[in-house]
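Some questions and answers follow on how terms are applied to a structure. Each answer sets a value against a definition.

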Amino acid sequence: MTDQTATIGDKKISIHPGETILQASRRAGFDIPTLCYHADLSPEGGCRVCLVETDARGRIQAACHTPLQPGMEIQTSSPRLESLRRNILTLYVSAHPPNTFRPSSVGTEIERLMHRLGIPAYAPGHTGKSVPVDESHPYLRFQRSLCINCRRCLHACEEIQGQFVYGLEGRGSSTHLIFGPSERFADSPCVSCGSCVDHCPTGAISDIDRIGAHAPDAVVQSTCGYCGVGCQLDVEVSDSRIARIRGTSEAEVNHGHLCVKGRYAHAFHHSGDRLTAPLLRTGDSWREVAWPEAISWLSRRLLELRDRFGPDSLGVFTSSRSTNEAAYLLQKLFRTRIGTNNVDCCARVCHSSTALALQTVTGTGAATASYADIPLTGVIVLAGANATEAHPVVGARIKQAALSGSALIVIDPRRIELAEFASVHLRPRPGTNVPLFNAIAKVLVESGQIDEAYVESRTEGFAELSNFLGALSLAQIEKITGVDRKEITAAAALLAKNRPALFVSGLGLSELTQGTASVMALCNLGMLTGSIGKPGAGMLPLRGQNNVQGNADMGGMPNQVTGYQSLTDPDVRARLEQIWGIAPPREAGLTISEMIDAAAKGKIKALWMQGEDVAQSDPNQTHVIEALKTLELLVVQEMFMSETARFAHLVLPAAGSLEQEGTFTNGERRIQLVRSAVQAPAGARADWEVIRDVANAMGAQWTHETPSDVMDEIAWVAPKLFGGVSYARLKPNGLQWPCPTADHPGTATVHAQGFLRGKGKLVALEYVPSPEHTQDGYPFLLITGRALEHYNVGTMTRRTPNRSLLPADFVEIHRDDAARLNIMDGQTVQIQSQWGSTRAPARVSERVSPGTLFLTFHFPETHTNVLTSPYVDPQSKCPEYKVTAVAISPLPEEAA
Ligand code: SF4
């Protein structure tokens, strides 16, 4: 057997397959200088600064892209190598105007390298030309005079974001960087993830607001407060303000990558219109009151209404924006001090169908897989999720998986960005997921392409499902869904060939009257292909809000208490009685939409809304506003005066996510620390603290002094899921539940040892059409959803420069429909449903199919949800945001 070692300097080291000389040298402790190389990116091999001698005769090779071979004798440093490196770097420096780069131990990467190699600032051969700086983009700046054409930005853009913005044009000394077909950043396809900034070694591409900024006073690691991906942030603080945010490179969730929201949209924290004192309504006006008065008034009022109208006349919407600790304490307050289970959260209006479906068929209502499974899988099914806009860091990872050879099946009525990378794109009519998934299952079963051993050993219900599928007609399904059977067969074949599969789903499945059935039908495919409970496979619903998973976990549900425990289980009740001093009522409470309906009927008298802007976000907005107006007491905890807060009797100013301590739980069940990077404005307080104080003013004796104390109680209350969770264990990458004991490592793949409910349940699912269908006067089907630049109702992103990236909502219409209706791109149009009407500028494109429209909901002036219907999924009570029959017409310029 040949010797599998090489010599580097004076050390003999073993060969690791695929390792380059540079990687092996770093492993062995040799620090070879580099310029165009970055460990995150594939080697460019262009600058030659990393030259090493690779044999006894002094053969020179670039270390960054030369594999280490057995028997090599590497010298990483010698007078000859140092001289070569100095000459190379001098050539780079001398091609730039004088003093462009100055040697410095604390400057940019190229300046640090000059310092190390002893290269002076001034070098002969410079041109002295001045080159204009591109500051067209709100966040990014390009200073061409600093660019050395090292292509690190290009690699970062392609290999991390998958965006392909950059290119090089010209030859020889006139080679220069370009932004795709455009001249300026602002006109380029850049999605502002900032990866290029982090990888540029010269500062040619930089954050526009950091020019000339001094080093931060502190860097605090925390968790992004936008979407449920849960990216880890390094928050740089200067002069008590957030100066810049970068991704935490060691974070398992995001590996240093962020999106335009997490990285750049933080200015809202310091917005001048933050709420800074409790506001108490007196008639039509507000009065600022001190916190002790607000807390005492609120506690008295809650008790008064409870005693007058009964506990079930009060209810609470716990917040998916706030921390686990705040959500836990608020549901505990209502269950113990008021005595009602009228507790719900916004998971109801997004993924309640997903949670119910997963709980029914697998035994646990959350993702079975992790983001780390994305690069491991052979095939990804992306269903009803526009990941690159709504969950951009996960979207970029899916794109990278597809670029690296994973098969990608996109199921979405719109031609979303990831459809460009898909092997198959199925475009069902909105609301027809169930028959489409049934059709794929039918093809798999009837062509013998299922994982028989898995189905036999790990599932139940196959015979019934198989009989049901046998009776379905593909011709009929083609008619219902609008998807050609050849495409259905192609998707089934891809799944079968590359199984097990990773099923990534979104609100396009759950926010339907058949939401629960849609997710169950997707789970059928998961089980038929043997995918659930294996690494690199499983069900991965993308959770919308930063802590929507945690909010439901904490007990923000009317029918289950913390940790999805039954309200009637005697053991659970005994434990709650021991810890809480009182067990909650046994009967399930009302859901969000039921509480709104009950308020409209005068049965609910008081609602506490923690960070929920229901007047803008919930469907059938006119009805919601009427219900809010009837309340005797509406309490709102908010950072800003929201649309809902305008109807409140008491508004409590809240701290933002980077102004408080606590935890969020992301979409892969990972509980992560949230840390206070800056102080909340004077007068705004962390939600958990306010809730504790109100409970104590109502007679409780809660002694939690920190959020960590609250987490210890959560672990005690729900030991099966959280028994091993404590703050001390959450650094640096959090813990994925279930984590039942202090020595349990957390769970990346759920159901690996068998389904938590015993056997996975296959379900025969009939198609039930939505009550919303095209009809006379309403010939289009409307889908609502998000755009990349804004977050939900835009409360935070509208108060940042993201507003200049997307200044208004828009409605997408297919170009054939636009031509037929004389609608021009950018023209304001009227959209009308039987529930209400609004207007928005049209975007003419082919992203939507003919007969379908797509409208965003980020701006209060659009009030998109006046259009959506009151229909809900009868099982989960999740509203149907994804199908509304509407009409659209152009508005004359004078009326727009
Ligand atoms: Fe934040 Fe989501 Fe963007 Fe990550 S992907 S930075 S969690 S908004």
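Q: What makes the contact of arginine 685 with aspartate 693 a salt bridge?
A: A salt bridge needs a side-chain nitrogen of Lys or Arg within 4 Å of a carboxyl oxygen of Asp or Glu. The closest N and O atoms of arginine 685 and aspartate 693 are 2.8 Å apart, so the pair meets the definition. This is a predicted model, in which local features need pLDDT of at least 70 and side-chain atom pairs count only at pLDDT 80 or more, while totals for chains, interfaces and linings use all residues. Residues are numbered from 1 along each chain as its sequence is written, and side-chain values use heavy atoms, with hydrogens and water left out.

Q: Why is arginine 685 called buried?
A: Buried means under 20% relative accessible area, exposed over 50%, and partly exposed in between (1.4 Å probe, protein chains only). Arginine 685 has 18%, so it is buried.

Q: What makes lysine 332 and glutamate 713 a salt bridge?
A: Their side chains meet at 2.8 Å, N to O. The pair links distant parts of the chain, 381 residues apart.

Q: Why is lysine 332 called buried?
A: Lysine 332 has a relative accessible area of 3%, so it is buried. Glutamate 713 is also buried, because its value is 11%.

Q: How many salt bridges are found in the whole structure?
A: The search finds 42.

Methods. Helix = DSSP H or I, 4+ residues; strand = E, 2+ residues; numbered from the N terminus.
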